[in-house]
Amino acid sequence: MAKVYVFDHPLIQHKLTYIRDKNTGTKEFRELVDEVATLMMFEITREMSLKEVMVETPVASAKAKVISGKKLAIIPILRAGIGMVDGILNLIPAAKVGHVGLYRDPQTLKPVEYYVKLPSDVHERELILVDPMLATGGSAIAAVDSLKTRGAKNIKFMCLIAAPEGVEEMKKAHPDVDIYIAGLDEKLSEQGYIIPGLGDAGDRLFGTK
């Protein structure tokens with residue numbers, strides 16, 4: 001079964017408060033999302049495997065460690081997921097970036113895929129799927145479906161805030177995908193909005209309504 005990690009790091013919680021604040025402007029909102037994404041990625045990569053190498057310091061030869069194993073790729077769900085990418089690349093600049101575009105059909109309310117572009121070696125990489133919000137879980141589930149149909153085998157999902165309902169749906173649909181959350185909120189409204197939430201992440205990132 002998928003593991004769910006809710007981060008209690010003081011810096012993450014502090015910055016998340018200002019992300020939620022309706023008075024936080026677009027520029028500051030973007031910067032805070034960047035910073036929280038960096039901090040979350042620091043935690044997510046804690047268990048990356050290492051291998052021992054020899055390095056020449058100015059003084060002597062030394063045994064040291066470098067990252068080994070699967071390489072990373074960051075996959076934002078368009079459009080709001082783009083707001084988390086730069087913060088992750090600040091920490092792991094060599095990671096490749098793919099994209100999954102989804103929109104919600106106004107009739108069925110189901111997510112519809114309209115764009116997918118992934119690294120050619122996606123089946124060999126550890127993928128971090130990112131989206132600021134996990135509400136009903138529909139978009140995240142559809143995005144993971146899309147990745148798996150293209151050969152992805154190792155996927156983690158990272159979001160700023162989530163509703164318990166979305167987390168449960170995601171766990172049922174993809175029990176092999178661990179979920180990383182900065183803030184687990186109270187519930188979904190009848191309209192499917194996270195409460196207390198942070199509003200529409202895409203609109204707040206890009207200054208649209």
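In this predicted model, the lining of the largest pocket draws at least two residues from each of several elements: strands E4 (72–78), E6 (99–104), E7 (111–117) and E9 (133–134), together with helices H4 (138–149) and H6 (201–206). The largest pocket holds about 1,000 Å³ of space. Of its 31 lining residues, Arg104, Asp131, Ala135, Ser139 and Asp200 are the closest to the centre.

**Pocket lining**
- By residue class, the lining of the largest pocket comprises 17 nonpolar, 9 polar and 5 charged residues.

**Packing of H4 and H5**
- Helix H5 spans residues 164–173, and its axis comes within 9 Å of the axis of H4, with a crossing angle of roughly 25°.
- Because angles under 35 degrees count as roughly parallel, H4 and H5 are roughly parallel to each other.
- The crossing of these two helices, H4 and H5, is right-handed.
- On the H4 side, the contact involves Ala140, Ile141 and Val144, which meet Glu169, Met170 and Ala173 of H5.
- The contact residues of H4 and H5 comprise 5 nonpolar, no polar and 1 charged.

**Cis peptide bonds**
- Leu78 and Arg79 are joined by a cis peptide bond with omega of about 5°.
- Arg79 is located in the loop between E4 and helix H3 (85–91).
- Ile195 and Pro196 are likewise joined by a cis peptide bond, with omega of about 5°.
- Pro196 is situated in the loop that runs between strand E13 (194–195) and H6.

Methods
Residues numbered from 1 in each chain as written. Predicted model: local features only at pLDDT ≥ 70, side-chain atom pairs only at ≥ 80, totals over all residues. Heavy atoms only, no water. 1 Å grid on protein atoms, 1.4 Å probe; cavity = no way out; pocket = protein on both sides within 12 Å on 5 of 7 lines; lining within 4 Å. Points joined across faces, edges and corners; volume = space filled by probe spheres on them. Helix = DSSP H or I, 4+ residues; strand = E, 2+ residues; numbered from the N terminus. Nonpolar A, V, L, I, M, F, W, Y, C, P; charged D, E, K, R; others polar. Axes fitted to C-alpha atoms, helices over the stretch in contact; angles between N-to-C directions. Parallel < 35°, antiparallel > 145°, perpendicular 65-115°, else oblique. Left-handed = near helix turned anticlockwise from the far one by under 90°. Contact = heavy atoms within 4.5 Å.
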